[in-house]
Amino acid sequence: MHADFDKLAARLASSPFRSSFHLDARSMRYVEEKGMDTIRIHARELITRRLAPADIPNDGRQTPMKGHPVFIAQHATATCCRGCLEKWHGIAKGRPLSNDEVCYVTDVVMSFIASEMERINH
C-alpha cells in the first residue's frame, strides 16, 4: 500500500480518467453542511459495505459515478472497485479488506475530498 499520499496524488493526476473527477458545487455544499467527520463516517461505511468483502458480485460497477462526494472521490483515487485497488494500490482481490486497509482507503478518499475543499477555498 502507498503510505505517501502526495506520490499517489501525482500518479493519479497523470491519468486523464482519474484526474477528470472533481467535486461539483452540490457535493461541496454537502461536505460543508455535514462536516468532514460525518463524511469520514460515510466513507468508512460505504467502503466497508461496497468494497471490503472478498467477493463483490458487481465488482467494477458497484460505485456510482455521482450522488455522494465519497463516490466521486473513489473514482478519482482508484478506490472504486477491487480491480482498481489491486492495480493502483497493490491490494489483492479475492479476500476481505483488513481493518488497516479499510482505514487506508478511507484516508485516501478523505485526502481527495480535503484537497478538493481546499482547492475551492483558495
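Which residues does Leu-97 touch, not counting residues up to four places away in sequence? Leu-97 touches Leu-51, Ala-52, Arg-82, Leu-85, Ile-91 and Val-102, where contact means heavy atoms within 4.5 Å.

## Basis of the model

This is a predicted model, in which local features need pLDDT of at least 70 and side-chain atom pairs count only at pLDDT 80 or more, while totals for chains, interfaces and linings use all residues. Residues are numbered from 1 along each chain as its sequence is written, and side-chain values use heavy atoms, with hydrogens and water left out.

## Overall architecture

The protein has six helices and zero strands, and its elements run α-α-α-α-α-α from the N terminus on. Helices (H or I, at least four residues) and strands (E, at least two) are DSSP runs, numbered from the N terminus.

The C-alpha atoms fill a box of roughly 40 × 30 × 25 Å along the principal axes. Of the contacts with a separation of 6 or more, 67% are between residues 24 or more positions apart.

## Nonpolar core

Of the 122 residues, 43% count as buried; buried means under 20% relative accessible area, exposed over 50%, and partly exposed in between (1.4 Å probe, protein chains only). The largest nonpolar core has 34 residues. Such a core is a set of buried Ala, Val, Leu, Ile, Met, Phe, Trp, Tyr and Cys residues joined through side-chain atoms within 4.5 Å.

Helix 1 (5–13), helix 2, helix 3, helix 4 (69–76), helix 5 (82–89) and helix 6 (99–121) each supply at least two residues of this core. Helix 6 gives the most, with nine residues. The residues with the most contacts inside the core are Leu-23, Ile-47, Val-70, Leu-97, Val-105, Val-109 and Ile-113.

## Helix 2 against helix 3

The axes of helix 2 (residues 25–34) and helix 3 (residues 36–50) cross at roughly 110 degrees and come within 6 Å. Helix 2 is therefore roughly perpendicular to helix 3. Axes are lines fitted to C-alpha atoms, for helices over the stretch in contact, and angles run from 0 to 180 degrees between N-to-C directions. Angles under 35 degrees count as roughly parallel, over 145 as roughly antiparallel, 65 to 115 as roughly perpendicular and the rest as oblique.

On the helix 2 side, Tyr-30, Val-31 and Lys-34 meet Met-36, Thr-38, Ile-39 and His-42 of helix 3. The residues of this contact comprise four nonpolar, two polar and one charged. Tyr-30 is partly exposed, at 24% relative accessibility. Not counting residues up to four places away in sequence, Tyr-30 touches Ile-39, His-42, His-68 and Pro-69.

Helix 4 is largely enclosed by the rest of the structure, because eight of its eight residues are buried. These are Pro-69, Val-70, Phe-71, Ile-72, Ala-73, Gln-74, His-75 and Ala-76.

Just after helix 4, Ala-78 takes a positive phi of about 60 degrees. Most residues other than glycine have a negative phi. Ala-78 is in the loop between helix 4 and helix 5 and is buried, with a relative accessible area of 0%.

Terms used: Nonpolar A, V, L, I, M, F, W, Y, C, P; charged D, E, K, R; others polar.
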